[in-house]
Amino acid sequence: METKEEKKLSIPPRGIRAIIEAVRLGEIIKPSQYAKREAFKKHEIEEAWLNRVLTMIFYDIMKKQGLIDKAIQEVVGVTPLILDPWLRAALRVAFDIVLFHEPNANTLKNLRWKASDFISARTHPYVGMYYWDLMDKILGYKPNPKTELEKLEWEYLAPAWLIERVKTILNEETEAFFKAVNRRHEWISIRVNTLKADVDSVIERFKEEGVEVLKSERAPTVIKIKGPYDFDSSDLFKKGKIIVQEEASAVASLILNPQPGEIVVDLAAAPGGKTTHMAELMQNKGKIYAFDIDKARMKRLKDFVNRMGIKIVKPIIKDARKAPEILGEEVADKVLLDAPCTSSGTIGKNPELRWRLRESKIEEMAKLQRELLESAAKLVKPGGRILYTTCSIFLEENEENVKWFLNIHQEFRLIKLEGPYDPGFLEGTMRAWPHRHNTIGFFYALFERVT
């Protein structure tokens, strides 16, 4: 029988180094799962048990980063944002493990000595010494939220302004929403590339690999696998038979329903999940003009397109607001505008985002979205359709933009969406929710040009 000490969290020195580096890289590389993957590979985290423990801690830090930073500020006396980045990463790791887990004596020793040695080698010995000196204060720290809203921040793991915003949208469902985005996400959503494989054969292959698989009830080519899963060594992934894509994201292409031979414009295409899906639905016949200004993400789009055997996509690294000037007006049968947004519906998938979001950003994004909608309106032919989507939960980026668009564009009507998710707050629109549908938060509005 295990003793009480043996049941406590155990992390070897290599694990401490890996998790500090992952948190440091998480500030540089987005999305954060890529940072984690790079750090774990560098420090040779190959044991399944250690990978699971460190992954749990990594995402715990991402979810609680704002609260951890408040604790650091109370102990250090300044905002951690001005500290040496390696010191900041080590402090976030130490606070998380001490406050939210039950480390054994050996882990605490490694946190003090091995972490200080590691960051000394990465930056300056004095930084490591300063961290070492802080460990006693970290071990003695106790959170002390004073107001009801501060208590809710600790309960919901989110900034006060976001909690208040969600309350105005979801009322009594607020607690369920935050429980959903804060739970551990073990299942990975994947779309099967029907140009190279079929769903049943992919499911069979996963089962042969010992991977648990579920079929989506809302998107026929989407399956969910129980992670972790090594995509880098997966033949299915390397041969372009699968792509990682959230169910709610895959539903967008199904709603727009592009047909073989059509001309389609994707106004915010990178990294290519919806672009490649539309190409599959079009049976590799027709043309998709894929716009985006992010060169790194467009490189990923090109890689996916090539790997998946897609021939009809033309990537264009330009601001999509200039698309009508580049392509001409009334040229497209279908336009997809999966607009740049606050991504507030993805905080379960990208947990650190909740602390990077700023309320002031909402109006800024809504303005950009309206400018992109204007481009979409110029591009589509009479009788053609525009699908407007975001992965935001805020009304300003969704229903309010739809009202604005319909008010100034009498030549468009809204096509009523009746599933597979729930009605939005404007009749005819649709929303997916983390707590209702076990996917990311997503908004959909389908327009048809009638004249």
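Among contacts in the chain (heavy atoms within 4.5 Å) between residues at least 6 apart in sequence, 71% join residues at least 24 apart. This is a predicted model: local features need pLDDT of at least 70, side-chain atom pairs count only at pLDDT 80 or more, and totals for chains, interfaces and linings use all residues. Residues are numbered from 1 along each chain as its sequence is written, and side-chain values use heavy atoms, leaving out hydrogens and water.

## Overall build

The chain holds 20 helices and 13 strands. These are DSSP runs, numbered from the N terminus: helices are H or I with at least four residues, strands E with at least two. The radius of gyration, taken over C-alpha atoms, is 24 Å.

The C-alpha trace spans about 70 × 50 × 40 Å along its principal axes. Of the 451 residues, 54% count as buried, meaning under 20% relative accessible area with a 1.4 Å probe, protein chains only; exposed is over 50%, and partly exposed lies in between.

## Strand E1 and its partners

Strand E1 (residues 187-192) pairs with strand E3 (residues 222-226) in the antiparallel sense, over 5 bridges. Pairing requires at least two DSSP bridges between the strands. Trp187 has Lys226 as its bridge partner in E3.

E1 also runs antiparallel to strand E4 (residues 242-244), joined by 3 bridges. Here Ile190 stands opposite Val244.

## Val78

Val78 sits in the loop between helix H4 (48-76) and helix H5 (85-100). Val78 counts as partly exposed because its relative accessibility is 33%.

Key. Rg over C-alpha atoms; globule rule 2.2 N^0.38 Å.
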